[in-house]
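Please read the points below with the model open.

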Amino acid sequence: MAQSYSARSRAIEPFHVMALLARANELQASGRDVIHLEIGEPDFTTAAPIVEAGQAALAAGHTRYTAARGLPALREAIAGFYHQRYALDIDPQRILITPGGSGALLLASSLLVDPGKHWLLADPGYPCNRHFLRLVEGGAQLVPVGPEVNYQLTADLVERYWDNDTVGALVASPANPTGTVLDRSELAGLSAATRAHGGHLVVDEIYHGLTYGLDAASVLEVDDHAFVLNSFSKYFGMTGWRLGWLVAPPEAVGDLEKLAQNLYISAPSMAQHAALACFEPQTLAILEERRAEFALRRDLLLPALRELGFGIAVEPQGAFYLYADISAFGGDAFAFCQHFLETEHVAFTPGLDFGRHLAGHHVRFAYTQSLPRLQEAVERIARGLRSWQG
Ligand SMILES: Cc1ncc(COP(=O)(O)O)c(C=O)c1O
């Protein structure tokens with residue numbers, strides 16, 4: 001008899017791009033030069049001062065569990081960072097260190113969602129959000145968004161889609177896959193709209209630091225009771241170290257700590273020690289250089305893709321993604337991605353991975369490659385368009 005696994009695990013979709021990635025790896029193994037624009041992680045390795053701090057932590061024997069909330073010194077350093085970057089005084093007691101932003105999402109969804117309840121999420125959006133909600137027997141109410149609202153939830157949309165089972169809204173600024181940013185007044189509007197219904201506002205600020213020409217506002221500037229997810233993965237370039245944090249209202253911290261103790265005991269100890277070096281001026285100088293490099297990449301790829309006929313209606317201000325409408329070329333986004341991988345060896349992600357709304361007409365490019373590689377990718381894409389028969 002076939003073994004049966006849980007309905008919640010069956011309900012979770014894999015990343016569709018993985019099939020493409022497997023094929024990309026096959027092509028690479030057979031000697032092809034594949035340009036990877038599908039991967040959502042910085043191509044830079046972790047900055048040297050952080051690596052050195054990690055090595056020193058290992059040599060000093062910091063290999064055991066920490067407190068479930070995380071190292072006090074790291075929580076204080078993060079509070080100091082809020083002061084420096086946003087002029088905010090956040091009590092370190094409100095900060096929990098988590099295994100990646102993913103760990104923070106696990107804590108927030110476990111705390112805030114009962115079975116049958118749901119959060120409003122923008123479609124397109126980061127797919128794992130709805131999967132985490134499903135795991136805790138809740139769900140996502142996907143709200144279709146397009147360029148007219150900057151691909152973000154708005155106070156009006158929250159009002160329109162809120163129903164008796166809605167308990168909150170989750171937004172990301174900058175967002176994945178669109179790179180759009182919510183400004184302070186938009187965040188305040190979302191806060192007021194969710195508060196009016198007695199709901200929770202959760203803001204994913206994982207791409208903070210990676211914004212170009214502006215600094216993203218934190219929701220904590222306008223709503224001291226919002227839940228904020230953040231991570232060392234993207235701006236701090238530590239994807240593989242698995243480290244993030246959650247800022248929660250004071251009254252939620254005890255329950256979150258209990259969940260953390262049970263779900264993962266503590267975030268990785270050596271990663272926490274390494275992350276202490278993130279806030280040193282010499283590290284921040286390296287991270288800012290990288291941010292400038294991402295800006296140059298965006299400024300190369302965005303006009304080049306538009307010139308080729310890709311529809312990118314709003315200029316993305318952050319993260320390292322371009323979400324492009326391919327309607328002008330005809331055909332389905334998955335087949336489109338396959339075509340470019342097979343014929344030109346350029347890999348990018350079909351819209352299907354980010355939701356349902358017009359997903360078949362969109363693809364995401366991650367500019368996580370050097371400028372010369374991006375230039376080469378543009379040339380290959382231009383050539384591939386000539387042989388595409390959508
Ligand atoms: C919007 C968003 N949130 C959360 C995450 C989770 O990242 P991590 O667990 O590495 O912090 C990602 C990763 O790509 C993301 O794009």
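At what angle do helix H11 and helix H13 pack, and how far apart are their axes?

1. The model is a predicted one. In it, helix H11, covering residues 281–308, packs against helix H13, covering residues 371–387, at an angle of about 10°. Their axes are 10 Å apart. Angles under 35 degrees count as roughly parallel, and H11 and H13 are therefore roughly parallel to each other. The crossing in which H11 passes H13 is right-handed.

2. The residues that make this contact can be listed for each helix. H11 contributes Glu293, Leu296, Arg297, Leu300, Leu301, Ala304, Leu305 and Leu308, while H13 contributes Leu371, Leu374, Gln375, Val378, Ile381, Ala382 and Leu385. Sorted by class, the contact of H11 with H13 comprises 12 nonpolar, one polar and two charged residues.

3. A second pair to inspect is helix H2 (residues 17–29) with helix H12 (residues 333–344), which pack at an angle of about 10° with axes 11 Å apart. H2 is therefore roughly parallel to H12. On the H2 side the contact involves Leu20, Arg23, Ala24 and Leu27, which meet Phe334, Cys337, Gln338, Leu341 and Glu342 of H12. The contact of H2 with H12 divides into six nonpolar, one polar and two charged residues.

4. H5 passes H9 in a right-handed crossing. Leu106, Leu107, Ser110 and Leu111 of H5 meet Asp255, Leu256, Leu259, Ala260 and Leu263 of H9. By class, the contact of H5 with H9 holds seven nonpolar, one polar and one charged residues.

5. Which residues are around the ligand? They are Gly100, Gly101, Ser102, Tyr126, Asn176, Asp204, Ile206, Tyr207, Ser231, Ser233, Lys234 and Arg242.

6. An N or O atom in the side chain of tyrosine 207 is 2.7 Å from an oxygen atom of the ligand. For serine 233, a side-chain N or O atom is 2.6 Å from a ligand oxygen atom. Arginine 242 has a polar side-chain atom 2.7 Å from an oxygen atom of the ligand.

7. Arginine 242 lies in the loop between strand E7 (227–231) and strand E8 (244–247).

8. Another runs from asparagine 176 to proline 177, with omega near 15°. Proline 174 is found in the loop between strand E5 (166–172) and helix H8 (184–196), and proline 177 is likewise in the loop between E5 and H8.

Technical notes:
Residues are numbered from 1 along each chain as its sequence is written. This is a predicted model: local features need pLDDT of at least 70, side-chain atom pairs count only at pLDDT 80 or more; totals for chains, interfaces and linings use all residues. Side-chain values use heavy atoms; hydrogens and water are left out. Axes are lines fitted to C-alpha atoms, for helices over the stretch in contact, and angles run from 0 to 180 degrees between N-to-C directions. Helices (H or I, at least four residues) and strands (E, at least two) are DSSP runs, numbered from the N terminus. Angles under 35 degrees count as roughly parallel, over 145 as roughly antiparallel, 65 to 115 as roughly perpendicular and the rest as oblique. A crossing is left-handed if the near helix is turned anticlockwise from the far one by less than a right angle, and right-handed if clockwise. Contact means heavy atoms within 4.5 Å. Ala, Val, Leu, Ile, Met, Phe, Trp, Tyr, Cys and Pro count as nonpolar, Asp, Glu, Lys and Arg as charged, and the others, Gly among them, as polar. A residue is near a molecule or strand if one of its heavy atoms lies within 4 Å of it. A polar contact is a pair of N or O atoms within 3.5 Å; within protein, one must be able to donate a hydrogen and the other to accept it, and residues adjacent in sequence count only if both atoms are side-chain atoms.
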